[in-house]
Amino acid sequence: MKIFWFILLAGIPFFAFTQNSGAPAEFRLEKSETEAHLRFLASDELQGRRTGEMGNNIAARYIAAQFEAFGLQTAPGLEGYFQPIVFEAVTPPRTASFTLNKTNYTQGDNLLILTGNADNLKTEAVFVNFGWVDKESGHDDYQGLDVKGKIVLSLPGTPDGQDPMSIFNSMKKKQKLAREKGAIALIELYRLQIPWVFFRSFFDKENLSLADEAGPAASRQDIVYGWVKEEKDGNVQRLQEGKKVKASLMSKGFTRHTVNSQNVIGIIEGTDPELKDEYLLLTAHYDHVGTGKNGGGAYTPQDSIFNGARDNGMGTVALISAAKALSIDRPRRSVIVLAVTGEELGLLGSQYYAEHPLLPLKETIFNLNSDGAGYNDVSYVSVVGFGRTGTDALLEAGVNIFGLDVFPNPAPEQNLFDRSDNVSFASKGVPAIQFVPGTTGFDETISKYYHQVTDNPDTIDYDYLLKFCQAFARTARLIADENSRPQWVKGDKYEKAGMELYGE
Ligand SMILES: [Zn+2]
């Protein structure tokens, strides 16, 4: 897949440009500036840039200060470069217990209550199948059941899906349904293929989600919600047969609070009188996972900071560098420069922008997103989504001119395309790709740093960082200058969304 002859050609135009002061500004970016950005963003003082924490806000302020220095315009409707986003942070109870007939379940061991506090409630349990109601199809698992004041037990997921995604996506609606029916608790039966310890370590920590726009989440009544790893004592069987089983529940220390973060956005106006009404969207997430237990990986008292130099300090610096180069020598189309928050919590910042765009998505022609797990080969830029949007030749030109080569679609088993912010825009129809530091596959070099406390600024190849940033800026320019717009190739899974968005 490597394209050797491009390497040979790459040196010629590179020297031609660098010796000519008329070359576009990406050729004049300096190693010292890209290095300084990364050393700041990935410093210990920013504490892993966890969404909503001070380090995350300082990183956002730093990016905004760069945009201001470059003279970027603010987006319509905003006073500054911040697009504020309200998150809701939920911490599971510290202690909880659940009794079904004579069997005891204890928080952590075989019980994981995620939300809600309860004193020692004594009531009955009722089995509600999936606990699902679908008005369109008329499906109602609660039909004929009296669950008022009772604890309901359900199968995981919905009648239509029991895979992890369906289970995850149905959690909130199932709680709402149980609450509306008058139940005091909903407990799902743990019948997943994933080991219980993985499930527990994923959920048993502070979890953030986008806040409900209906109003402050704090005023909402929570029912107790969680999971049991059922014991083989016949109780669930009896419930499924419609028999009555006594149950009690206790849960203490659950908290819910509001957390503020922000996307950072600036606009560069295009130079072409017609094409400037079209926007190239550049993105990179600037948040990371924080410190200690929140980081999700191994840590020690000596080093508990997940610095995120690679993930996604490098992409953020590439974004800042492109903002600089494209604001000095403006391309034909306009450019939206968007540093998103909340990526590590589930692509939340980009999802928020895709739902609340500040310029119409219909006029947003492409999303060039920089993200990555790290790098293991500095002769490459890896491109996830290569071959899918008609931009391959522009990508190769943008990358080759800095002596690098394109590595197309590394680690297909990792499903990387759908694991970063580009998917928030692709699913709306905007052609999108991921611009990734040289990764040829997920090997030891990648896993040594990926979401580890070792992802420090001292371990970065700064010669490579400069080239990576230049290649990102150059590629952005080529796409923004090109006569024709990128398009999903025929049969791509996002082609239909694209046709709906652009009305083709
Ligand atoms: Zn990450």
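Q: How many bridges join strand β5 to strand β12, and which way do the two strands run?
A: Six bridges join β5 (residues 118-127) to β12 (residues 245-252), and the two run antiparallel. Strands here are DSSP runs of E with at least two residues, helices are runs of H or I with at least four, and both are numbered from the N terminus. Two strands pair if DSSP finds at least two bridges between them. The model is predicted, so local features need pLDDT of at least 70 and side-chain atom pairs count only at pLDDT 80 or more, while totals for chains, interfaces and linings use all residues. Residues are numbered from 1 along each chain as its sequence is written.

Q: Which residue is the bridge partner of T123 in β12?
A: The partner of T123 is A247.

Q: In what sense do β5 and β8 pair?
A: β5 and β8 (residues 151-154) pair in the parallel sense, over three bridges. In that pairing V126 stands opposite V152 of β8.

Q: Now the nine-strand sheet: what is the strand order?
A: The order is β10-β1-β13-β15-β14-β16-β19-β17-β18, in an open sheet with mixed pairing. β10 (207-210) and β18 (405-408) stand at the edges with a single partner strand each, so one side of each has no neighbour in the sheet. On average, neighbouring strands of this sheet are turned by 30° against each other, direction ignored.

Q: How many bridges does β13 have with β1, and how many with β15?
A: 10 bridges join β13 (residues 255-268) to β1 (residues 82-91), which run antiparallel; here T91 stands opposite T255. Five bridges join β13 to β15 (residues 334-340), again antiparallel, with I268 opposite V335.

Q: Which way do β16 and β19 run?
A: β16 (residues 364-370) and β19 (residues 432-437) run parallel and are joined by four bridges. N369 stands opposite Q434 there.

Q: Which helix lies across β14, and at what angle?
A: Helix α7 (residues 309-328) lies across β13, β14 (279-285), β15, β16 and β19, and runs at about 150° to β14. Axes are lines fitted to C-alpha atoms, for helices over the stretch in contact, and angles run from 0 to 180 degrees between N-to-C directions. Two residues are in contact if their C-beta atoms, placed from the backbone, lie within 7 Å.

Q: Is I113 buried or exposed?
A: I113 is buried, because 30 other C-beta atoms lie within 10 Å. The cut-offs are 20 or more such atoms within 10 Å for buried, 12 or fewer for exposed, and partly exposed in between, with C-beta atoms placed from the backbone. I113 lies in β4 (residues 111-115). Leaving aside neighbours within four places in sequence, its contacts include P92, V224 and S251.

Q: Which residues touch the most other members of the largest nonpolar core?
A: Among the 85 residues of that core, they are L280, L282, A322, V335, V337, V381 and A476. A nonpolar core is a set of buried Ala, Val, Leu, Ile, Met, Phe, Trp, Tyr and Cys residues joined through C-beta atoms within 7 Å. Another core, of 31 residues, lies apart from it, with L100, L112, I151 and Y225 among them.

Q: Why is the protein called as compact as a globular one of its length?
A: The protein has 13 helices and 19 strands. Its radius of gyration is 25 Å, close to the 23 Å that the globule rule gives for 504 residues, so it is as compact as a globular protein of that length. The radius is taken over C-alpha atoms, and the rule is 2.2 Å times the number of residues to the power 0.38.
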